[in-house]
Amino acid sequence: MLHIVLIVNPFASRVTERGLRAVEESLARAGTVDTRLTQRRGHASELAAEVDGADALVVFGGDGVVNEALNGLQTDVPFGALPGGGTSVFARALGLPRDAPAAAERVADAIAAGRTRRITLGRVAGRRFGFSAGVGLDAATVRRVDALGRARDGRRPGDLTFTYEFVRELAAARFRLEPSLEIDGLGRAAAVLVANCDPYTYAGVLPLHFAPQARFELGLDVVAPVSVKPRSMPRLLRYVLLGHGQENAPDILYGHDLDRLEVKCDRRLPLQVDGEDLGDVDHAIFEAERDAVAVLV
């Protein structure tokens with residue numbers, strides 16, 4: 001029997017005891033399931049570092065715990081992500097169902113068949129990221145969401161809250177953002193969004209295509225508005241919803257399939273990876289780790 005390690009964040013928005021049992025039953029079709037619950041921030045990294053000898057590592061939780069596990073991996077064990085958070089961008093962008101038991105069925109089939117897909121991971125400030133990172137606007141939004149705290153059961157606000165706080169962050173600046181950083185080789189911009197896949201994130205069921213050319217198998221894509229003004233908002237929103245136009249827009253810098261990206265800020269600005277606040281930086285180097293991990297899909 002194959003040995004499957006299942007790391008679970010019991011406080012994730014969509015993780016329940018009943019859902020966990022269903023996930024365990026689905027995965028058990030492919031092998032023996034060794035379930036390990038996270039107990040604190042960073043615990044998933046520690047647990048992922050201890051899976052030497054396992055045939056598969058599966059993570060059930062939100063994007064934060066998935067990111068921790070990706071950062072803890074020490075071996076090339078096949079990696080699966082089940083959507084248990086409010087948004088679960090990484091799992092959904094890989095094409096897995098939003099329903100965790102259904103996603104577990106897919107992952108179990110992949111484990112049994114030995115079916116994997118090798119993908120790139122990004123890295124910045126010593127931290128890996130699976131789907132996105134950013135300096136400025138989106139990172140400031142992550143900080144706003146974090147400031148709301150968690151519910152009594154430990155659950156974090158979902159993606160609709162993120163969208164609301166994104167608009168509030170823009171409104172606080174009166175929907176005007178001026179250039180505040182320099183992207184080496186591309187030019188000055190108001191904010192930087194670095195994508196490892198498309199979509200960049202979701203608002204409910206709606207995919208948001210900030211970097212429509214980004215693909216898991218390629219290097220990193222960067223999209224950076226040179227500036228943001230009230231009159232440009234409808235057009236920028238159209239780009240994000242329809243998934244085309246920003247690559248050739250005169251007021252947007254776009255880089256595709258990059259191995260390295262260097263950003264220098266005029267002042268210290270917030271940095272986020274996979275929706276996790278990494279604090280303020282005045283300089284950031286983003287790098288692509290090609291073929292970094294074999295994912296189960």
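**Note on the salt bridges**

1. R235 is partly exposed, at a relative accessible area of 22%. In this predicted model, R235 pairs with D251 in a salt bridge, and their closest N and O atoms are 2.6 Å apart. R235 sits in helix α8 (233–242), while D251 sits in the loop between α8 and β14 (252–258), so the bridge ties together parts 16 residues apart in sequence. D251 counts as buried, with 18% relative accessibility. The cut-off for buried is under 20%.

2. One network deserves a look. R144, E165, R168 and E169 are joined by salt bridges that share partners.

3. The count of salt bridges comes to 20. One of them is between E276 and R41, at 3.0 Å from N to O. E276 belongs to strand β16 (residues 276–296) and R41 to the loop between β2 (31–37) and α2 (43–48), so this pair connects parts that lie 235 residues apart in sequence.

4. R41 is exposed, with a relative accessible area of 62%.

5. Strand β16 also holds E289. The salt bridge from E289 goes to R123, with the closest N and O atoms 2.7 Å apart. R123 is in strand β5 (residues 116–124), and the pair links distant parts of the chain, 166 residues apart. The relative accessible area of R123 is 29%, so R123 is partly exposed.

Methods. Residues are numbered from 1 along each chain as its sequence is written. This is a predicted model: local features need pLDDT of at least 70, side-chain atom pairs count only at pLDDT 80 or more; totals for chains, interfaces and linings use all residues. Side-chain values use heavy atoms; hydrogens and water are left out. A salt bridge is a side-chain nitrogen of Lys or Arg within 4 Å of a carboxyl oxygen of Asp or Glu. Helices (H or I, at least four residues) and strands (E, at least two) are DSSP runs, numbered from the N terminus. Buried means under 20% relative accessible area, exposed over 50%, partly exposed in between (1.4 Å probe, protein chains only).
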